[in-house]
Amino acid sequence: MRNIYDLTIEELEQYFLSIGEKKFKAIQLYTWLYDKKIKSFEEITDIKKTIIEKLESSFVIGDIDIVKVERDIEVNKYLFLLQDKNLIESVLMRHDYGTSICISSQVGCNIGCKFCESGRLKKVRNLTSGEMVEQILKVESDIKERITHIVIMGIGEPFDNYTNVTNFIKIVNHPKGLSIGSRHITVSTSGIIPKILEFADFPYQVNLAISLHAPNNEIRNKIMPINKVYPIEKLMESLRVYYQKTKRRITFEYIMLEKVNDDKTAAEELSKLLKGLNCYVNLIPYNETNNLEYKRSKKENIQKFYDIIKKNNINVTIRREFGTNISAACGQLRSKREDI
Ligand code: SAH
Ligand code: SF4
């Protein structure tokens, strides 16, 4: 049976029309699901019994479960069990501006970045939109607070699961869904060019982050094999098109890896590459993992790198660290549990 959380409002309207009902029932049902947070269709009081029975025979309300939580002051890490026994994870972070959640979009990932724990497990399957929505619902109910920001930066490559991810955005953004503003939603991609171009026409003001991690093809090819398919110059070209269409500032993520991409030459080269583009660079201290050989850049090298980017008049920040104690980096909780 289908998970009711998979459905966008349009899909739900179509469903009601297909069973001979008025489409406004979709809004009614959304209110029960996302505002009143019902656990069973029986709790609905303003839709007649025969329709409730039809809903019960076609849909389930939710199908993922929290199996483990690691708690810290500013961050909680959640491990979820899916119906088919796969595991995924989400990370909740408390900021001064609100509460953000980092959600997974796939079980595993096929992009194979060398530094990434998630990529060690090849993609098993895409997550459904409902499984993404539920990561938020389950965490909200655990913390008894509203989540204000979403980043799609957990396990998986969101642009390798484009339809489900964009439907997920429609559901969480809908005023009768979770009503999370599109400007509070960020999608992060390793740089799948055709999807970046498609996303430029997606009519929601969602933020785009690009996992760049290198200033040139030579370095990027070594750590991100996807660069051989979509090299840097083509990626930048697609981002200029994206910017022209959306006028939205682009975020570049840059993991600082010792002796790989963290010297002065790399900083100058990165500045040149990004010159003239309305963007923002997020320098990320690498979270070392037991399974991979990469090392985090030294603090003073991160600072020097930052200073060069700044001097070149590019917006830049060093990411505050969350959850290194509880191995909150992408894919680490699951891999501990599975002992892979
Ligand atoms: N697949 C998408 C989104 C998920 S990865 C992407 O690559 O953008 C989210 C971010 O976490 C990426 O920028 C990725 O490079 C980064 N990341 C992966 N492993 C990490 C680690 N061990 N430490 C710090 N950042 C990591
Ligand atoms: Fe996949 Fe992103 Fe990890 Fe690369 S960094 S392997 S794209 S999850």
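## Aromatic rings

Phe159, Tyr162, Phe199, Phe202 and Tyr204 are linked into a cluster by ring pairs, where rings of Phe, Tyr and Trp (its six-membered ring) pair if their centres lie within 6.5 Å, planes under 30 degrees apart being stacked, over 60 edge-to-face and the rest tilted. This is a predicted model, in which local features need pLDDT of at least 70 and side-chain atom pairs count only at pLDDT 80 or more, while totals for chains, interfaces and linings use all residues. Side-chain values use heavy atoms, without hydrogens and water.

The count comes to 12 aromatic pairs. Among them, Tyr30 and Tyr34 are edge-to-face, at 5.0 Å centre to centre and 70° between the planes; the two residues are 4 apart in helix α2 (residues 25-35), separated by about one helical turn. Both are buried, that is, under 20% relative accessible area, with exposed meaning over 50% and partly exposed in between (1.4 Å probe, protein chains only).

## Charges over rings

Lys195 lies over the face of Tyr162, at 5.1 Å from the ring centre, and Lys36 over that of Trp32, at 4.4 Å; the criterion is NZ of Lys or CZ of Arg within 6 Å of the ring centre and within 35 degrees of the ring normal.

## Helix α9

In α9 (residues 264-274), Ala266, Ala267, Leu270, Ser271, Leu273 and Leu274 are buried. They lie on the same side of the helix because they cover an arc of only 160° around the axis, whereas Lys264, Thr265 and Lys272, on the other side, are exposed.

Note on methods. Residues are numbered from 1 along each chain as its sequence is written. Chains are lettered from A and ligands numbered from 1 in the order in which they are written. The arc is that of the directions from the helix axis to the C-beta atoms.
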